[in-house]
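Work through the exercises below with the sequence and the model open side by side. Each task is followed by its solution.

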Amino acid sequence: PYFIQNSWMKENENALVATLLMPNILETSINDNKIQIENITEYPFKNDFNFKMSQEKSSKFTLKIRKPDWVKKVKTNEIYNIENDFVVIEREFMADDNVHISFDAEAQINTDNAGSHYYTYGALLFALPIKAKEVTGKTYMGNFMDFTYEPISPERYSFKERVKTKYEMGKIKTKLINQDTGKSEKVVLIPIGKTVLRQITF
C-alpha cells in the first residue's frame with residue numbers, strides 16, 4: 001500500500017499527477033466531480049499507456065504524466081507541454097474519455113562502478129540467458145518440491161566495443177566476445193525477469 005498510494009498525486013486541487021507508470025485505478029474527485037482513471041498498460045515490458053477516464057460529467061483539469069529520463073520521444077495525439085519531466089495535458093475531458101500516450105526508447109549500454117557493461121531498454125535491465133537443467137530437491141507433504149538449476153554450459157562473455165546494438169521485438173541484439181574461444185558472437189539479450197540463470201554484466 002505504501003507503494004501504490006504514491007502512484008497518483010494531486011497538485012493545486014485541479015491537477016492529477018501520474019507519478020508511477022504502472023497498471024492501477026485512481027478514484028478521486030475534483031471540485032466535487034467524481035473521477036475514475038484506469039491506467040491500462042503492460043509497462044515496463046511495453047511503454048504504451050491508455051488512461052481510461054470515467055466521470056460524472058465532463059470537466060476541465062490538468063493531467064500530468066511522469067516522463068522517465070530514458071524517454072527519447074513522446075508519442076500522443078494530445079496537445080501537451082513538458083514541464084519538469086512531466087507530460088502536461090490540460091483540456092476539457094468528456095464523461096468517458098481516453099488519453100493514449102507512448103514513449104520511445106533506445107537500447108542503452110551502461111557502465112557500472114566496476115567498469116563492467118550492462119544493457120537496458122526503457123526501465124528494463126537485459127541479460128544473456130544461460131541454458132540450465134532443472135534438479136529436483138527436497139519433496140514436501142502434498143507433493144511440493146524444491147528445484148535448483150545448474151548451467152549446462154559454463155560459457156562466459158565479455159563486452160565488445162563498437163558493435164551495432166539494437167532493440168527488436170522485446171529483445172536486444174548485439175555481439176559479445178566468448179571468453180573460451182576469444183571470438184565475437186551474435187547474442188540475444190532478454191529482460192532479466194524472463195530468465196532463470198543469466199549473465200548480466202560483460
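A polar contact is a pair of N or O atoms within 3.5 Å; within protein, one must be able to donate a hydrogen and the other to accept it, and residues adjacent in sequence count only if both atoms are side-chain atoms. The model is predicted, so local features need pLDDT of at least 70 and side-chain atom pairs pLDDT 80 or more, while totals for chains, interfaces and linings use all residues. Residues are numbered from 1 along each chain as its sequence is written, and side-chain values use heavy atoms, without hydrogens or water.

**Exercise 1.** Which backbone oxygen does the side chain of Q199 reach at 3.0 Å?

Solution.
1. The oxygen belongs to T201.
2. A polar atom of the Q199 side chain also lies 2.7 Å from the backbone oxygen of Y157.

**Exercise 2.** Is Q199 buried or exposed?

Solution.
1. Buried means under 20% relative accessible area, exposed over 50%, and partly exposed in between (1.4 Å probe, protein chains only).
2. Q199 has 3% relative accessibility and therefore counts as buried.
3. Beyond its neighbours within four places in sequence, Q199 is in contact (heavy atoms within 4.5 Å) with A127, L128, I130, R156 and Y157.

**Exercise 3.** What is the order of the strands in the open sheet of five strands?

Solution.
1. Strands are DSSP runs (E, at least two residues), numbered from the N terminus; two strands pair if DSSP finds at least two bridges between them.
2. The order is β1-β2-β6-β9-β8, and the pairing is mixed.
3. At the edges are β1 (8-11) and β8 (81-83), each pairing on one side only.
4. Four bridges join β1 to β2 (residues 15-18) in the antiparallel sense.
5. Opposite A15 in β2 stands E11.
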